[in-house]
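Here is a short walk through one protein chain. Keep the sequence and the model side by side as you read.

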Amino acid sequence: QTALCQHGHNPDLVQTITGYGDAGAALVADPLTDKIIFTGSPAIGRKVMETAAKHLKPIILELGGKDAMVIMEDCKLPAVVPWVMRGCFQNCGQNCVGVERVLVYESLYDAFLADVKVKVAALRQGIPLVTCGSDADVDCGSMVMDAQLDMVQELVDDAVKNGARVLTGGKRAAK
């Protein structure tokens, strides 16, 4: 609200409501809710769409797409690589609109890969709340749930089994 006020906007322009499925269902069904923006699974997205359609309420759904970043031949790699790193690793990769695939022109592939490999290998994982402000600052926290980490490990293992190369990491970090 402070940010809205500082920029000359009504502090009530945006409201945040936390909760689970029951809170979300109530918001979608409420006639006072003007628009819904939902990020989540296709199954819940269908429920949101069905309920919003009853009220002709506009919605935006982001349902786990395969968000790609395309690195074109005329780009300046030093300027682009930080955005690739942020897009891929923000919130430890647990960001519904994060970069999931990077498509690089063949002429840039080797230079891109060399630069990104060094930066990924240098990422520091830890508990940000414990290490914040100390000499042990971290770049990435932990995955939110063990089940999610298991799923990611299965995806990595499957990719390797089908020909992918792991250049750094690829396994669960030691506790």
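What percentage of the 175 residues of the chain count as buried? The figure is 17%. Buried means under 20% relative accessible area, exposed means over 50%, and partly exposed lies in between, with a 1.4 Å probe and protein chains only.

This is a predicted model, in which local features need pLDDT of at least 70 and side-chain atom pairs count only at pLDDT 80 or more, while totals for chains, interfaces and linings use all residues. Residues are numbered from 1 along each chain as its sequence is written, and side-chain values use heavy atoms, leaving out hydrogens and water.

Start with the overall layout. The chain has seven helices and four strands. Their order along the sequence is α-α-β-α-β-β-α-β-α-α-α. The radius of gyration is 20 Å, well over the 16 Å that the globule rule gives for 175 residues, so the chain is more spread out than a compact globule. That radius is taken over C-alpha atoms, and the rule is 2.2 Å times the number of residues to the power 0.38. Along its principal axes, the C-alpha trace spans about 55 × 40 × 40 Å. Helices (H or I, at least four residues) and strands (E, at least two) are DSSP runs, numbered from the N terminus.

Now look at the strands. Strand 1 pairs with strand 2 (residues 59-62) in the parallel sense, over four bridges. Two strands pair if DSSP finds at least two bridges between them. Across this pairing, isoleucine 37 stands opposite isoleucine 60 in strand 2. Together with helix 3, strands 1 and 2 make a right-handed β-α-β unit. Right-handed means that, with the strands pointing away from the viewer, the path from the first strand over the helix to the second runs clockwise.

Helix 2 (21-29), strand 1 (36-39) and helix 3 (42-54) each supply at least two lining residues. Helix 2 gives the most, with six.

Finish at lysine 76. This residue lies in the loop between strand 3 (68-71) and helix 4 (77-89). Why does lysine 76 count as exposed? Because its relative accessibility is 63%. Lysine 76 and leucine 108 are 32 residues apart in sequence, and 9.9 Å apart in space, C-alpha to C-alpha.
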